[in-house]
Every structure is written in C-alpha cells, then in structure tokens.
Amino acid sequence: MAGYPPGSGYPYGGPPANPYAPAPAQPYGAAPPQPYGAVPPQAYGYGAPQPSAPYAKPEKPGKQHGDGGYGQPPPSAAYGVASPFAALLPSAFPPGTDPSLVACFQMADQDGSGFIDDKELQRALSSYNQSFSLRTVHLLMYMFTSSNIRKIGPKEFTSLFYSLQNWRAIFEKFDRDRSGRIDGSELREALLSLGYAVSPAVLDLLLSKFDKSSGKNKAIEYDGFIECCLTVKGLTEKFKEKDTMYSGSATFTYESFMLTVLPFLVA
Ligand SMILES: [Ca+2]
C-alpha cells in the first residue's frame, strides 16, 4: 500500500490520500507493508529540542539514587520481551529473610500453593501498616513479576516488601510539612531525587491523576504516591530501553507501545 505520498506528513493516523478510498482492509497493528518505516525527516528537529533526556543518564553505575534502592529491578529478564502473562516460576525466600515476613506470606498463602494472589497480598501488606488499593497492588505485582498473572511468590514478595520500606522512607522524607500528603513541589523533589526530571505539565498531570481526593487536596497520599512513582519509574525505564541515545526521543512499534503502556493503565 503505497497510499501515503512521501513527505505528506506522518502517516500515523493521518487521513488517507484519497478521502473516498475504502478503509484499508488490514486491521490496525497488522504487519504493515511499509507505512511506519520511514522516520519523518524532522522527527528529531521540530520545535525546541530538549538538550538531553529529561531523566538521568546512567552516569554512576552501581550507585543507587537518593536513599538507594527505591525499587528493585524486576527479577527476571522477562521485562520488555516476554508475554504479558508470562508464568511465574516457583521461588524460595532469600536466605536471611525476616522470619516474620516468611510467616506473613505463609499465612496469606492459604492453599499452600507457594503463591499468593492480589487480595492475599493486599491483606498481608496491610498487616504491616501498608494499605493499598487493589489497583496499586496490581501495579506492584506487575512491577515485581513482569507479568499480569496476578500471583506472587516468596522471592518477589520479599523484594516487594523491602522495596516498600524504602518507598515509605522516601515518602516521609519528602513530605516536608508532615501533612501526610505529597504536594506538587514535594513530588517534584521526590521524583528528582529518583532521577526523573518531569516537566511542570507532566507534574500537574501526575498530581491530578494520583490525587484520590479528585483534585481537592492538590496532593497525593501514600497509596497514590506509590502508584505515581511506580508508573513514572516503570514507563521511564521502558522508554529508556528504546531511547538508546538518551536523546529524549524513542521509536516504538505499535505493538511494543501498546504492551508498554497498557499494564500501567489497566490495573
Ligand atoms: Ca506534604
């Protein structure tokens, strides 16, 4: 289908060359003959290009940002490539895991399957004074298993738990006025400390999206803060995988864009 004249602009979603032509027979996303292949000449040139990527370059390998350990990397290489419903391998608690954490997991795992589901995880975390909506629990499960199967084993549970302790510390550190909520400037600082320099527009959007008071507070509580940071961290890392030059721009196929973004939207 050579239906897009060269140089007529980005074909993605653009009107067909002939407005009376029948719609293309192919469903959106089916392997296209060529239409998205050519990067528009001005792809990196229009507007005021940012001098560099808005997130930190990996200049200090090995050094954790801020307080360190704001979240462990996903446990397996499944990140990014595998099926979104990749199976989770049975695992064991790492040596030295706090016995009360082991007991907590075993109590939650009522059928002794070695995995706990979303509601069991929610209950287990609330016994540690970490109360989350199911949405946040789903996002946590996704982040620590790289899968949407919504089960979690001992190994992932342990890293999730210790990571949450770090998140709690970050929340408390940046809640400067001790209001129990993170407002716009506190969020900006918290994200900066994690290596994410988001624009004011993105910051506003994050605040309104994760403020569960529907915008009344203009600030987010712990649950929303976790969701917000996991989303920024997760999406930024996915983006950086494609932004090999650290230019702040990346090219995605339709498929990988959908697989990248959907898990963060549908939880
Ligand atoms: Ca505050």
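**Confidence and helix packing in a predicted model**

For the protein chain the mean pLDDT is 78, with 69% of its residues reaching 70 or more. Over residues 1–17 the pLDDT is below 50, and this stretch has 14 contacts in the model beyond near neighbours in sequence, two residues being in contact if their C-beta atoms, placed from the backbone, lie within 7 Å. This is a predicted model, in which local features need pLDDT of at least 70 and side-chain atom pairs count only at pLDDT 80 or more, while totals for chains, interfaces and linings use all residues. Residues are numbered from 1 along each chain as its sequence is written.

The protein chain contains eight helices and four strands, which are DSSP runs (helices H or I, at least four residues; strands E, at least two) numbered from the N terminus. Along the sequence, these elements follow the pattern α-β-α-α-β-α-β-α-α-β-α-α.

Helix α5 (residues 184–193) packs with helix α6 (residues 200–210) at an angle of about 115°, and their axes are 10 Å apart; axes are lines fitted to C-alpha atoms, for helices over the stretch in contact, and angles run from 0 to 180 degrees between N-to-C directions. Helices α5 and α6 are therefore roughly perpendicular to each other, a term that covers angles of 65 to 115 degrees. The contact is made by G184, L187 and R188 of α5 together with L203, L206 and L207 of α6.

Terms used
Angles under 35 degrees count as roughly parallel, over 145 as roughly antiparallel, 65 to 115 as roughly perpendicular and the rest as oblique. pLDDT is the predictor's confidence in each residue, from 0 to 100.
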